[in-house]
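I opened this structure for the first time today. My notes below follow the order in which I looked things up.

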Amino acid sequence: AQLRHLSFRASEIALRLLTVLVFCTFMRSNESFWWIAFVAIGIDYLLGVFMLLFLGGRDPVRPAPLLLGGPLLMVNIMQFLDAP
């Protein structure tokens, strides 16, 4: 069961990275709007950080939401909550 869960999470991360890479590559070909891809990724990261700050409870480690925003950016944990 743990191997299936691990392979599911690994494929989820790979698909998310591939989606971001294709999006950035596609947007860079458009010379006037190349920056939109990077702004969208930044907004996605900040949204995850703000959700952790306001909905995550009281965390004794102050910079924890900034560190955990990266995994939230790579894996859509909010949509696919499950337990191994």
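Axes are lines fitted to C-alpha atoms, for helices over the stretch in contact, and angles run from 0 to 180 degrees between N-to-C directions.

I noted that this is a predicted model, where local features need pLDDT of at least 70, side-chain atom pairs count only at pLDDT 80 or more, and totals for chains, interfaces and linings use all residues. Residues are numbered from 1 along each chain as its sequence is written, and side-chain values use heavy atoms, with hydrogens and water left out.

Next I looked up the elements. The protein chain has three helices and zero strands (DSSP runs, H or I of at least four residues for helices, E of at least two for strands, numbered from the N terminus).

Helix 2 and helix 3 (residues 64-74) pack at about 125°, with axes 8 Å apart. The two are therefore oblique to each other.

I turned to burial. Of the 84 residues in the protein chain, 17% count as buried (under 20% relative accessible area; exposed is over 50%, partly exposed in between, with a 1.4 Å probe and protein chains only).

Which residue did I check in the loop between helix 1 (2-28) and helix 2? I checked Trp34, which lies there. Trp34 counts as partly exposed because its relative accessibility is 40%. Its C-alpha atom is separated by 7.7 Å from that of Cys24, 10 residues apart along the chain.

Last, I looked at Ile36, which lies in helix 2. At 30% relative accessibility, Ile36 also counts as partly exposed.

Conventions
Parallel < 35°, antiparallel > 145°, perpendicular 65-115°, else oblique.
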